[in-house]
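Q: I would like to learn how to read a few features of a structure. Can we work through one together?

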Amino acid sequence: MPHDRDENAQADPRWLARLSGEIAAAVAASPDRDAFPAEAFALLRRHGLSERPPVASGSGLSLLRLLAAVGRGDLAVGRLFEGHVNAVDLIRRFGSARVRSEVGAQLADGALLGVWNTDARGDPLRLEGGRLAGKKNFASGVDGLSSAIVTVPEPAGRQMFLVRLADAAVDRSWWRPLGMAASGSHIVDFSGLPPEAITPLGEPGDYIAEPWFSGGAIRFAAVHVGGMEAVMDAAVEHLTKTGRAEDPHQAHRIGRMGLAVASGNLWLREAAEAWDAAEAAAGADPEASRLRATANGFRSLVEHSAMSVLEEAERAVGAAGFNAPHRLERLIPDLRTYLRQPNPDGALTAYAKALVAGETGAGGSGIGR
Ligand SMILES: Cc1cc2nc3c(=O)[nH]c(=O)nc-3n(C[C@H](O)[C@H](O)[C@H](O)COP(=O)(O)OP(=O)(O)OC[C@H]3O[C@@H](n4cnc5c(N)ncnc54)[C@H](O)[C@@H]3O)c2cc1C
């Protein structure tokens with residue numbers, strides 16, 4: 001497919017479906033399936049997607065559809081691309097003119113970024129005498145990123161730092177996951193970094209400023225929608241190839257998977273609209289509350305739907321789906337692992353509270369008003 005950098009062309013669903021296929025092919029051709037997916041990122045670079053992801057105001061739907069398409073191609077690539085997009089967006093919002101211009105030049109050179117908020121147990125990242133000490137856990141993509149945004153708790157609030165990773169010490173012994181191995185979510189020790197490798201980003205508290213912090217969950221939920229669509233694709237392809245798709249029991253499984261994926265996509269559209277509306281309102285209520293409610297509803301719906309799609313696909317395909325090179329052999333553990341995101345119980349509780357308080361839209365569930 002031509003390396004089309006035109007944003008309108010990239011919004012076309014057929015273009016996005018081809019992109020998913022290209023990512024899946026790039027990952028399948030990789031000599032080490034658990035290593036950083038360099039070929040897939042070379043492809044995203046050639047399309048201009050790492051340099052200029054659609055994060056500008058009003059691009060919510062383009063961004064979420066793109067994230068879903070990347071996740072449909074490969075979930076580890078989706079996880080890493082989502083982190084990159086998050087970092088680019090945080091720099092757009094909170095970076096000084098100098099930081100924005102420096103990072104802009106690095107992105108043009110192909111730089112990839114991440115956001116690492118999760119602290120290693122027992123040795124959290126902290127500031128000691130103006131230098132970083134301690135570790136981050138789940139530092140996705142460390143083997144392929146040039147810089148990352150890390151967060152440090154300070155008395156005035158959680159402070160972001162943009163950190164160059166060339167001298168960071170990586171502990172790869174901890175990461176032995178069921179799925180998502182290629183996300184390379186290792187432990188990184190920042191204690192030896194020179195002060196010039198560290199730049200403060202924004203003010204204390206900016207990272208967790210609402211509605212953007214809770215609302216940002218719509219990005220990973222969009223990647224999960226792509227993941228469940230990939231699981232459904234693989235199951236339907238298997239049933240069609242084996243002549244089993246017409247069987248009435250299998251037809252019901254296909255129907256239920258289709259309904260779950262379609263619901264995810266409807267919520268994705270609603271989430272994009274809520275994000276754009278909150279941006280247009282500069283984060284003020286009622287659009288801020290609507291975004292938080294929609295994000296909490298979207299991620300809860302997607303977690304539930306994706307688990308049901310996984311069960312349907314496992315039952316529909318049977319043991320064949322657990323044996324490489326069947327595509328499900330990798331998709332099932334990847335999606336099951338990546339679905340584990342922070343505070344799922346709290347997200348559903350917050351959605352329920354918003355529903356009771358009427359913050360999800362005109363007295364409804366928050367969708368299809
Ligand atoms: C593949 C992958 C890549 C990742 N990459 C990154 C990254 O690049 N950067 C980053 O910052 N993070 C990353 N993460 C970490 C992620 O954002 C979450 O922090 C992590 O997945 C939390 O998962 P957990 O299930 O261990 O959480 P937990 O919070 O332990 O949740 C487990 C269960 O306990 C419940 N629970 C939570 N708190 C309480 C409580 N106080 N009392 C009772 N129950 C509770 C939850 O609702 C849930 O049911 C990644 C995670 C994965 C899986």
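Q: Which element gives the most to the shell around the ligand?

A: Note that the model is predicted. Strand β1 gives the most to that shell, with three residues.

Q: How many residues surround the ligand, and which are the closest?

A: The ligand is surrounded by 20 residues, and the closest are N117, T118, F138, S140 and D345. Two or more residues of the shell come from each of α5 (75-94), β1 (113-116), α11 (327-338) and α12 (344-356). By class, seven residues of the shell are nonpolar, 10 are polar and three are charged.

Q: What describes two packed helices?

A: The angle between their axes and the distance between the axes. Here, helix α8 (residues 217-241) and helix α9 (residues 248-280) have axes that come within 10 Å and cross at roughly 160°. Angles over 145 degrees count as roughly antiparallel, and α8 and α9 are therefore roughly antiparallel to each other. Their crossing is left-handed.

Q: Which residues of α8 and α9 meet?

A: On the α8 side they include I218, V225, M232 and L239; on the α9 side they include I254, V261, L268 and W275. By class, this contact of α8 with α9 has 15 nonpolar, four polar and one charged residues.

Q: What span should helix α6 have at 1.5 Å a residue?

A: Helix α6 (residues 97-108) has 12 residues, so the span should be 16 Å. The end C-alpha atoms of α6 are 17 Å apart, which agrees.

Q: Which residue takes a positive phi just after α6?

A: That residue is G110, with a phi of about 100°.

Note on methods:
Residues numbered from 1 in each chain as written. Predicted model: local features only at pLDDT ≥ 70, side-chain atom pairs only at ≥ 80, totals over all residues. Axes fitted to C-alpha atoms, helices over the stretch in contact; angles between N-to-C directions. Helix = DSSP H or I, 4+ residues; strand = E, 2+ residues; numbered from the N terminus. Parallel < 35°, antiparallel > 145°, perpendicular 65-115°, else oblique. Left-handed = near helix turned anticlockwise from the far one by under 90°. Contact = placed C-beta atoms within 7 Å. Nonpolar A, V, L, I, M, F, W, Y, C, P; charged D, E, K, R; others polar. Expected span 1.5 Å × (residues − 1). Near = placed C-beta within 6 Å.
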